[in-house]
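Subject: Structure handover

Hello,

Here is the structure I promised you. Please open it first, then read my notes below.

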Amino acid sequence: AILLFFLCVLTGLPMPMTAVQLLWLNLVANGLQDVALAFEPKEGGELARRPRRPGEPIFERRIIEHVLLVGGAMGLLAYGTFHTLLSMGYELDMARNLTLMLMVLFGNIHALCSRSETRSIFRIPLFTNPFLMLAVPIAQLVHIGSMYVPGLSDVLAIQPIGLHEWSAMLAVALVLLGLEETHKAWHRRKA
């Protein structure tokens, strides 16, 4: 979100989200999922891995690389989407609405990918963490539901979106999934 806002300021675009939308994003895209990730079981194979060096910092190279790659991708994809929507003639409120939906999708995909630093999302049994498997759809449904609740939708300045917009935002969000999976595969080969 920081990169998205920075790029909008740098290029003279309007703010991609209102303050209330940004607070809502933090609540919906990070709230339940972050708590549910705490219940992720051990990956296994811990004894087969080399131990970390005692002096190794908590934020070691791989974590920093991952944060920059994923955070950068989210920011650039969201900025590109917001810019494209405005260029296509979407009104500012609708462009913000769709950008917010995209960021919620990003948060849910990232939560699912964060179950393991090395294993593919497709190699981890879904229900080894039932809390996360409930948190992700609940968070998405809460956001979708907020589009239909009078008062809340007005405060958030959001409205229901059509199938075409849904498909487009999901396609952009799946780019993040591909990027995260590619990054993990690269590190597995390197190891």
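The protein chain has 7 helices and 0 strands. Helices (H or I, at least four residues) and strands (E, at least two) are DSSP runs, numbered from the N terminus. Along the sequence the pattern reads α-α-α-α-α-α-α.

Two notes on the source. This is a predicted model: local features need pLDDT of at least 70, side-chain atom pairs count only at pLDDT 80 or more, and totals for chains, interfaces and linings use all residues. Residues are numbered from 1 along each chain as its sequence is written, and side-chain values use heavy atoms, with hydrogens and water left out.

**Overall shape and surface**

The C-alpha trace spans about 55 × 35 × 30 Å along its principal axes.

Buried residues make up 40% of the 191. Buried means under 20% relative accessible area, exposed over 50%, and partly exposed in between (1.4 Å probe, protein chains only). The chain exposes about 11,000 Å², and carbon and sulfur atoms supply 70% of that area. Accessible areas come from the Shrake-Rupley method with a 1.4 Å probe; for residues, only the protein chains shown count as cover.

Take the contacts with a separation of 6 or more: residues 24 or more positions apart account for 77% of them. Contact means heavy atoms within 4.5 Å.

**Two loop residues with polar partners**

Ser120 sits in the loop between helix 4 (92-113) and helix 5 (130-146). Ser120 counts as buried because its relative accessibility is 9%. Its side chain makes a polar contact of 2.5 Å with the side chain of Glu181. A polar contact is a pair of N or O atoms within 3.5 Å; within protein, one must be able to donate a hydrogen and the other to accept it, and residues adjacent in sequence count only if both atoms are side-chain atoms. Not counting residues up to four places away in sequence, Ser120 touches Glu181 and Arg188.

Glu40 is in the loop between helix 2 (19-37) and helix 3 (61-87). At 18% relative accessibility, Glu40 is also buried. The side chains of Glu40 and Asn129 are joined by a polar contact of 2.9 Å. With residues up to four places away set aside, Glu40 touches Arg115, Ile124, Thr128, Asn129 and Leu132.

**Thr81**

Thr81 is in helix 3. Its relative accessibility is 10%, so Thr81 counts as buried. A polar atom of its side chain lies 2.8 Å from the backbone oxygen of Leu77. Beyond its neighbours within four places in sequence, Thr81 contacts Leu102, Met169 and Val172. Thr81 and Ile121 are 40 residues apart in sequence, and their C-alpha atoms are 25 Å apart.

Gly145 lies in helix 5. Gly145 is partly exposed, with a relative accessible area of 27%. His187 is 42 residues from Gly145 along the chain, and 38 Å separates their C-alpha atoms.

Ala157 is in the loop between helix 6 (152-156) and helix 7 (163-190). Ala157 is partly exposed at 30%. What is the phi of Ala157? Ala157 has a positive phi of about 55°, although it is not a glycine. Most residues other than glycine have a negative phi.

Best wishes
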